[in-house]
Amino acid sequence: MQNVDTHPSESQIFTPCQIGPITLRNRTIRSAAFENMCPGNKPSQQLFDYHTAVARGGIGMTTIAYAAVSRSGLSFDGQLWMRPEIVPELRRLTEAIHNLGAKASIQLGHCGNMTHHATCGQTPIGASTGFNLYSPTFVRAMSEAEILQTVDDFGNAVNLARQAGFDCVEIHAGHGYLISQFLSPYTNRRHDRWGGSLDNRMRFMRLVVEKVMQAAGNDMAVVIKINMFDGFRRGMQEPECLLVAQELERLGVHALVLSAGFVSKAPMQVMRGAMPLKTLAHYMDMRRFWWLKAGLALAGRLMIPTVPYSDAYFLETAKRFRSALSMPLIYVGGITDRNHMEQVLQSGFVAFQMARALIRDTDFVNKIQQGECTRSLCCHSNYCIGRMYTLDMRCHSCVDNLPRKIQREISAAEHLNSSLQ
């Protein structure tokens with residue numbers, strides 16, 4: 001039985017907060033966790049229903065994930081691709097979110113080398129030439145002209161977001177996607193002005209942010225998601241990531257979301273816990289992903305090792321960034337209970353993001369505010385993550401008739417996580 005606070009609405013959680021030119025009704029933000037609800041790379045009724053449910057559930061701002069700024073930036077068939085023909089349907093979504101009292105944000109990005117020709121329509125591009133084991137496919141280094149065109153693509157995507165009625169754009173510069181691929185020495189092996197020194201490796205990010213800030217003007221908030229560390233030896237470490245954050249502060253962005261991990265090298269640093277390999281393989285299309293399915297069966301735990309889950313797992317690292325920066329910072333990572341929400345805000349963060357608690361229950365924020373609960377029922381089995389790579393993002397509690405092997409995997413993961421708390 002949970003201890004229920006008799007005056008939960010007096011919490012700092014439910015006070016308004018300012019992010020650049022916009023004011024949120026409270027300090028809760030639905031993070032940009034990929035929904036896989038955009039068949040044909042355009043909004044669906046399912047996407048509309050989910051985000052309006054989150055808005056109705058009391059969130060301060062909900063973030064539509066991951067919208068590619070160009071076709072070459074698509075990593076999934078069910079992912080948004082920003083282009084004029086999808087603006088009317090996005091506007092219908094933002095208007096509904098606004099009518100429910102929440103703000104609407106959209107995460108804009110480019111996946112770089114984390115894709116396949118069948119998805120992005122060309123040989124995948126990235127900071128450097130190489131081979132993507134997860135597709136598998138060869139990757140081509142971007143030319144100067146392609147780099148500059150992608151900078152313009154980010155600006156054009158912000159203009160489309162404005163037309164669609166979004167209050168905020170979140171630029172994805174972490175997790176091993178394109179901007180992160182330029183930043184990290186692991187993926188950037190260039191010898192021109194886009195590689196080598198950290199200053200050179202930041203050049204692409206700098207141009208993107210300058211273009212985005214110009215397009216956003218004085219009435220849209222600009223938030224950047226960055227890594228505090230890549231999570232492996234040859235990647236970016238905390239000192240360099242802090243220098244990146246300080247450069248973004250100098251560029252005048254309105255807030256940073258502090259995350260970590262690299263999807264092609266250290267994916268569970270991002271999400272924590274175990275990747276549900278049986279779930280992942282069960283839903284995977286054997287015709288398209290036979291190599292990955294075989295690899296998971298043979299060496300899944302070596303390919304995607306477990307990183308133990310704990311509540312607020314990035315907080316101690318994020319506090320060091322908080323002490324070194326004066327700009328607004330948004331916390332993300334393992335927020336599923338009210339105590340840690342309070343702790344994050346008391347540590348100087350303007351707001352916090354969460355996703356898995358809102359996958360389990362879209363009404364979670366309202367229930368916290370009304371004193372109905374203090375903790376999400378999410379136990380971090382990561383079923384939703386294993387499922388979202390092939391189907392839509394959904395909690396196992398909302399799925400009937402799960403195979404026994406998946407039920408056992410969920411139980412084992414939840415038992416492990418509870419034993420570590």
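**Figure 1. Strand β10, a mostly covered strand of the predicted model.** In this predicted model, strand β10 is mostly covered, since five of its five residues are buried. The strand spans residues 168-172, and the burial holds for both of its faces: Cys-168, Glu-170 and His-172 are buried on one side, while Val-169 and Ile-171 are buried on the other. In a regular strand the side chains alternate between the two faces of the sheet.

**Figure 2. The neighbours of β10, strands β6 and β11.** Strand β10 pairs with β6 in the parallel sense over four bridges, and five bridges join β10 to strand β11, residues 221-227, again in a parallel run. Towards β11, the bridge partner of Val-169 is Val-222. Strands of a sheet pair through backbone hydrogen bonds, either parallel or antiparallel.

**Figure 3. Strand β6 and its pairing with β4.** Six of the seven residues of β6, which covers residues 103-109, are buried, so this strand is largely enclosed by the rest of the structure. Besides its pairing with β10, strand β6 pairs in the parallel sense with strand β4, residues 61-68, over six bridges. One place to look is Met-61, which stands opposite Lys-103 in β6.

**Figure 4. An open sheet of three strands.** Here the strands follow the order β7-β9-β8, and their pairing is mixed. The edge strands are β7, residues 125-126, and β8, residues 130-132, each of which pairs on one side only. Strand β9, residues 137-141, pairs with β7 in the parallel sense over two bridges, and Arg-140 in β9 is the bridge partner of Ile-125.

**Figure 5. Ala-312, a residue with positive phi in a loop.** Most residues other than glycine have a negative phi, and most peptide bonds are trans. Ala-312 is not a glycine, yet its phi is positive, at about 50°. This residue lies in the loop between α11 (286-303) and α12 (315-324). With a relative accessible area of 9%, Ala-312 falls under the 20% limit for burial, and therefore counts as buried.

**Figure 6. His-380, a residue with positive phi in the loop between α15 and α16.** The phi of His-380 is near 60°, a positive value in a residue other than glycine. His-380 has its place in the loop between α15 (364-369) and α16 (383-388). The relative accessible area of His-380 is 4%, and the residue is buried.

**Figure 7. The whole chain, as a setting for the close-up views.** The protein chain has 17 helices and 14 strands, and its C-alpha atoms fill a box of roughly 60 × 50 × 45 Å, taken along the principal axes. A compact globule of 421 residues would have a radius of gyration near 22 Å, and the 20 Å of this chain agrees with that value. Buried residues make up 62% of the 421 residues, and among the contacts with a separation of 6 or more, 72% come from residues 24 or more positions apart. The accessible surface comes to about 16,400 Å², of which 53% belongs to carbon and sulfur atoms. As for charge, the mean positions of the 43 positive and 35 negative charges are 6 Å apart.

Definitions and conventions: Residues are numbered from 1 along each chain as its sequence is written. This is a predicted model: local features need pLDDT of at least 70, side-chain atom pairs count only at pLDDT 80 or more; totals for chains, interfaces and linings use all residues. Side-chain values use heavy atoms; hydrogens and water are left out. Two strands pair if DSSP finds at least two bridges between them. The radius of gyration is taken over C-alpha atoms; the globule rule is 2.2 Å times the number of residues to the power 0.38. Buried means under 20% relative accessible area, exposed over 50%, partly exposed in between (1.4 Å probe, protein chains only). Contact means heavy atoms within 4.5 Å. Accessible areas come from the Shrake-Rupley method with a 1.4 Å probe; for residues, only the protein chains shown count as cover. Lys and Arg count as positive and Asp and Glu as negative; His and the chain ends are not counted. The place of a charge is taken as NZ of Lys, CZ of Arg, CG of Asp or CD of Glu.
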